[in-house]
Amino acid sequence: MSSNTRQKRYEVSRQLGQVALGQAPADLVIKNGTLVNVFTGELQQHIDVAMAAGRIAYIGHADHTIGEGTQVIDANGRYITPGLLDGHMHVESTMLTVTEFAKAAIVSGTTGIYMDPHEIANVFGMEGVRWMHEEGQQLPLKVFTTIPSCVPATFDLEDAGAQLGVADIEEGLTWPGVAGLGEVMNFPGVVYGDPTMSGEIEATLRAGKTVTGHFPAEDDKMLQAYLATGVSSDHETVTREQALEKVRLGMHLMIREGSAWQDVKEVIKVITEDKVRTDNISLVTDDVYPQTLLRLGHMNHVVRRAIEEGVDPVTAVQLGTINVARYFGMDTELGSISPGKTADILLIDDLKAMVPSVVITDGEVVAENGQIVKPFPAYQYPEKAFNSIRLPRALQADDFSLKSKFDTTRSEVNVVRVIENSARTAKMTAVLAVEEGIIQPDLEQDVVQLACIERHGGTGQISLGFASGFGLKSGAVASTVAHDSHNLLVMGTTPKTWRLPPMSSPHAAAV
């Protein structure tokens, strides 16, 4: 069921009441399960859940709601939980379209996401945001969009393919299914009154929607100024101390466990050790790479990690369901199993393992035992989406040659050092050989050549440098997946062998 066919509560309220009274049959009934009650924290045994018109009609002993055409599922004691919600994530990081991501997420138990499509926005602007938003509206997965707030991410370091302003945000906020403003990364701009940042936040508040945040700094005055403007959440917290400060100030704490960022182990201590109330805390993924999605799952993995770190399983489920819905003001529709709410429900054998055997969205079974059992509609992206790389000419080996400023055989250079399982990098230096005036990579020191090539406007701009930490021994790799401006990154060991043809394609170049 898509957002276009989901019925509003007022449209089916009379029918739901009749089902609850046994005057009309349910469409689907789950029998004899253990209800994970996210309101009371209880595990209620021998519970039935009756559904009609995509919503929950009755909870308890529901034999009176079963009619001749009612589908009945015997839970046989399995746990009945609300579908999981991801309050902050970027679908682009999965390297999948929204549709293909939805298939992988749903079988893992995710039934709703709040996506921030600022990666496609940096390439295609609001047009790209609309593509992904429209694609999400036709799916069984509930896809809510937060309109990207910082496009480009920086005006000084790199060129992006688009720029969004206050008028763009105002337009996006009028689209059905838009939940608010995407992570406000330019926190200094917010604090010091940048007109664009202030205008975007004010527009979102006027629209009565949520302003999501991004605050990695450790400055109390800046944090409180940031909160005072209307930004209300943060997913960049990496220490227990930061977490405690933020929840004490009423900031909604999003604890992140994705592919590059794995913060649950440390930040969850605010719950397990500081014993704070969990009402204003949720779990998110932020960025999940395809291998993580396939190997570990999606939101069920984050909930499982919280349980592994000592969080009570029911509390962990609350962090991935009702707390997310409450933050976005959607708890009257989502995040719980209660009469009238949308029937997004999981059946789980082992609450600690968090692997659903049945996934129900809008009262229909969409996945069983890790397999999609309902067809998903296709979405056709326009031809423009497949022609976004613009290079003015074929690149040659000389384009990647970094010349030494000095007539010497050795040169000390700055090197970008990657950090395992982190999106952050560190600065290091290395002394490299100089041959015929060109600084050479050094595999013994794990230092390889790095190039960033402008791909949006065909300007021909190329920035050169060196990187360490990849352990690359031969060859080269290239990709236009490069947060947040998504220019063409090339990294390799022997620049003299590189050849890059002129392209108008979104695919990574072969080198």
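In these legends a residue counts as buried when its relative accessible area is under 20%, as exposed when that area is over 50%, and as partly exposed in between, for a 1.4 Å probe and protein chains only. Helices (H or I, at least four residues) and strands (E, at least two) are DSSP runs that are numbered from the N terminus. The model is predicted, so local features need pLDDT of at least 70 and side-chain atom pairs count only at pLDDT 80 or more, while totals for chains, interfaces and linings use all residues. Residues are numbered from 1 along each chain as its sequence is written, and side-chain values use heavy atoms, with hydrogens and water left out.

**View 1. Helix α12 and the residue G310.** Helix α12, which runs over residues 299-308, is mostly covered, since nine of its ten residues are buried. The buried residues of α12 are M299, N300, H301, V302, V303, R304, R305, A306 and I307. Just after α12, G310 takes a positive phi of about 105°. As background for reading such a view, an α-helix has 3.6 residues a turn, so residues three or four places apart point the same way.

**View 2. The salt bridge of R305 and E309.** A salt bridge is a side-chain nitrogen of Lys or Arg within 4 Å of a carboxyl oxygen of Asp or Glu, and the structure holds 25 salt bridges. In one of them the side chains of R305 and E309 meet, with a distance of 2.9 Å from N to O. Salt bridges that share partners join E257, K265, R305, E308 and E309 into one network. R305 counts as buried at 13% relative accessibility, whereas E309 is partly exposed with a relative accessible area of 23%.

**View 3. The salt bridge of K142 and D362.** The side chains of K142 and D362 meet in a salt bridge of 3.0 Å, N to O. Because K142 lies in strand β8 (residues 142-147) and D362 lies in the loop between β15 (356-361) and β16 (364-368), the pair ties together parts that are 220 residues apart in sequence.

**View 4. The salt bridge of D274 and R240.** The side chains of D274 and R240 meet in a salt bridge of 2.9 Å, N to O. D274 lies in the loop between α10 (269-272) and β13 (281-284), and R240 lies in helix α8 (residues 240-248), so the pair ties together parts that are 34 residues apart in sequence. D274 is partly exposed, with a relative accessible area of 25%, and R240 is also partly exposed, with a relative accessible area of 24%.

View 5. K341 lies in the loop between α14 (322-327) and β14 (345-348), and K341 is buried, with a relative accessible area of 9%. A contact means heavy atoms within 4.5 Å, and, not counting residues up to four places away in sequence, K341 touches R9, F39, R55, I56, D331, T332, E333 and S336. A polar contact is a pair of N or O atoms within 3.5 Å, where within protein one must be able to donate a hydrogen and the other to accept it, and where residues adjacent in sequence count only if both atoms are side-chain atoms. The side chain of K341 makes such a contact with the side chain of S336 at 3.2 Å, and another with the side chain of S338 at 3.0 Å. K341 and D362 are 21 residues apart in sequence, and their C-alpha atoms are 9.5 Å apart in space.

View 6. Q262 is found in the loop between β12 (252-256) and α9 (264-267), where Q262 is partly exposed, with a relative accessible area of 40%. A polar atom of the side chain of Q262 lies 3.1 Å from the backbone oxygen of S259. S485 lies in the loop between β23 (476-479) and β24 (488-492), and S485 is buried, with a relative accessible area of 2%. Leaving aside its neighbours within four places in sequence, S485 is in contact with N122, E158, D159, A160 and H456.
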